[in-house]
Amino acid sequence: MAETGVAETGLLATYRALLGSRVRAQLSYRTSFVADLLANVGTGLSEFATVYVVFSNTDELGGLDVWQACLVFALANITFAVADLLVGHLDLLPEHVRTGTLDAFLLRPLPVLGQLATSEISLKRIGRVGIAVVVFTIAWPQTGIPLDGRAIALLLVAIVGGTAIFSAFFVLAGALQFWLLEGREMVNSITYGSSNAAQYPATLYPAPLRWLFGYVFPAVFVAYLPVLALTGEPGPPGLPSWLGWFSPVAAAVAWALTLLVWRSGVRHYTGTGS
Amino acid sequence: MSALEVTDLVREYVVRSPGASRFRRRRSVVRAVDGLSLRVAPGESVGFIGANGAGKSTTVKLLTGILVPTSGTVRTCGLDPVTHRRDLARRIGVVFGQRSQLWWDLPLSESFRLLAAIHRLPPGVWRPRLDELDDRLGLGEFLATPVRQLSLGQRMRGEVAAALLHSPELLLLDEPTIGLDVLSSERLRQFVRAERAERGTTLLLTTHDMGDVQRLCDRVLVVDHGRAAYDGDLPGLVRRVGARRVLVVDLREPIAPREVPGAELLAVEEDGFRLRYAFSEATTAAAVLTGVSEFADVRDLSVEEPDIADVLRTLYATSVGSAGRSEA
């Protein structure tokens, strides 16, 4: 049945109400929220320290200098942390199965994925977004790239596309747990593994890994390729830098496949009821 | 249109158990629901009873679209619950006694606000409805309390109100009174009766509690090994298994007990102040009482209904699953 415009507004209002309740719940435990936030800033800082140490010991690595590497780090972390904030809790799926909240979701007139996505929002991830934004603001002037219309468009495309790519990974990681109920560690290798891969120039990886993170789990689309496109570098073999404009396409493909896996995961659950 | 229409419903589970070697596991198929057929008319109230593992909860999940049938068909409110899960969700209310559908870390009132948003009920509809539910269930005193701090009885009242906020035409209660004290379960039953009397809501109730069935259900469906072992009213079930009721009389003076025609003296208790007589449908409580009054001065009396567990045990022992399979 075709949804009318009014119904769509209603759906948005529903999700806004659900998310709003999560925000209030988190802010009502102020001390623990602040502690979580600081811990996230710490994680972001230590990740940055690793990248910084590696790149400051050499003039150039994988075709990037230290400031360009900072841009890669910043883009990879902004997108990953925003995705984590929005849908990072999907890897808690086995918990929902165990406590029966998944059954409760199935008894409500909303899509299960929409309900799961809005069942939590990890505001503490703002800490990591903050670190990445600071790194970006400091590094950008040093790279000497002009902040023109092209650069702004490319950055917007990269951030939207990258967030969508990482979000798809989180949903995929959740969906796989319909089959692997104890597989949280394993599926984390998709999300956190890709996040790590996205932080470094793909030229550092041997060809098979480069292909894996280029075309299977398209992590290089998130930050590395857009930065190459910004600086005008040609890119490594098999990954031309103009692909940096195409992260939304990579995201669309990732989402299409992820949603297929999700749907068959829900079917598997209602099929087995385990 | 039937509220529920189930035909030859089968649901199997694959159970994997450790096999001979570490990597090979034995696969065995268990039939939780095995050829169940039933039809429930709108406005009926059906008690769905059976031992643990008889297939009750699985059936409720199949009726609501949480589980997909292995074979057979289900129509709930005329809809296929799997393909029309969301449409169906607007028309039914479900309470799983052992699992909460409320937001545990928020005040109870928030759960209602969110459910109203989920069902897209305008404030003009859900606020008066909540007032009405609050009025009858007495939620007011703990509406502002976070759900995780509620007592079981309070939480269950909240769960039932949550399932009814959108005024569903069919209410499915899966063990709603489990773990509740006598007062709380009685209060809940009174509420469900009033709600049904007013709105004509169809009710399907799974329970182990005879009191639930007696107070709430016009019809009883006994499932055993995933099949209907009995479908009819409660007195009929009791007759069918020949279960006996017990007349308990308290006497003013202890007296040497005597046999009463049509009844069996089960026990003499309280130093002879209390006598227990079991009697079947062949006679009546009044006749047994008259018999006792002939030789004793009766101060007080009560009639004990047969224990549902005993009734079921007798039924399973006699039917072995196949007899009395309901015709839809």
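Helices and strands are DSSP runs, helices (H or I) of at least four residues and strands (E) of at least two, numbered from the N terminus. The exercises below concern a predicted model.

**Exercise 1.** In which loop of chain B is B:Glu175 found, and is B:Glu175 buried or exposed?

Solution. Step 2: phi of B:Glu175 is positive, about 50°, although the residue is not a glycine. Step 3: the relative accessible area of B:Glu175 is 11%. Buried means under 20%, so B:Glu175 is buried.

**Exercise 2.** Work out how helix α3 and helix α9 of chain A are oriented to each other, and list the residues through which they meet.

Solution. Step 1: α3(A) covers residues 66–87 and α9(A) residues 184–198; their axes come within 9 Å and cross at roughly 160°. Step 2: angles over 145 degrees count as roughly antiparallel, so α3(A) is roughly antiparallel to α9(A). Step 3: on the α3(A) side the residues are A:Val72, A:Ala76, A:Phe80 and A:Asp84, and on the α9(A) side they are A:Thr191, A:Tyr192, A:Ser195 and A:Ala198. Step 4: sorted by class, this contact has five nonpolar residues, two polar and one charged.

**Exercise 3.** Describe the largest nonpolar core and the surroundings of A:Trp262.

Solution. Step 1: the largest nonpolar core has 98 residues. Step 2: the residues with the most contacts inside this core are A:Leu102, A:Trp140, A:Leu225, A:Trp262 and B:Leu36. Step 3: α3(A) supplies the largest share of the core, 12 residues. Step 4: with neighbours within four places in sequence left aside, the contacts of A:Trp262 include A:Leu90, A:Leu93, A:Val112, A:Leu113, A:Leu116 and A:Phe178. Step 5: another core, of 60 residues, lies apart from the largest one; among its residues are A:Leu110, B:Leu115, B:Leu130 and B:Leu133.

**Exercise 4.** How many residues of helix α11 of chain A are buried, and against which helices do they pack?

Solution. Step 1: α11(A) spans residues 224–231, and seven of its eight residues are buried. Step 2: the buried residues are A:Tyr224, A:Leu225, A:Pro226, A:Val227, A:Leu228, A:Ala229 and A:Leu230. Step 3: they pack against α3, α7 (126–143) and α8 (149–176) of chain A. Step 4: just after the helix, A:Gly232 has a positive phi of about 85°.

**Exercise 5.** Characterise chain B as a whole, then its helix α3.

Solution. Step 1: chain B has 10 helices and 13 strands. Step 2: of its 328 residues, 51% are buried. Step 3: among contacts in chain B between residues at least 6 apart in sequence, 68% join residues at least 24 apart. Step 4: in α3(B), residues 108–118, nine of the 11 residues are buried, including B:Leu108, B:Glu110 and B:Phe112. Step 5: B:Arg120, which follows α3(B), has a positive phi near 50°.

Terms used: Residues are numbered from 1 along each chain as its sequence is written. Chains are lettered from A and ligands numbered from 1 in the order in which they are written. This is a predicted model: local features need pLDDT of at least 70, side-chain atom pairs count only at pLDDT 80 or more; totals for chains, interfaces and linings use all residues. Side-chain values use heavy atoms; hydrogens and water are left out. Axes are lines fitted to C-alpha atoms, for helices over the stretch in contact, and angles run from 0 to 180 degrees between N-to-C directions. Angles under 35 degrees count as roughly parallel, over 145 as roughly antiparallel, 65 to 115 as roughly perpendicular and the rest as oblique. Contact means heavy atoms within 4.5 Å. Ala, Val, Leu, Ile, Met, Phe, Trp, Tyr, Cys and Pro count as nonpolar, Asp, Glu, Lys and Arg as charged, and the others, Gly among them, as polar. A nonpolar core is a set of buried Ala, Val, Leu, Ile, Met, Phe, Trp, Tyr and Cys residues joined through side-chain atoms within 4.5 Å. Buried means under 20% relative accessible area, exposed over 50%, partly exposed in between (1.4 Å probe, protein chains only).
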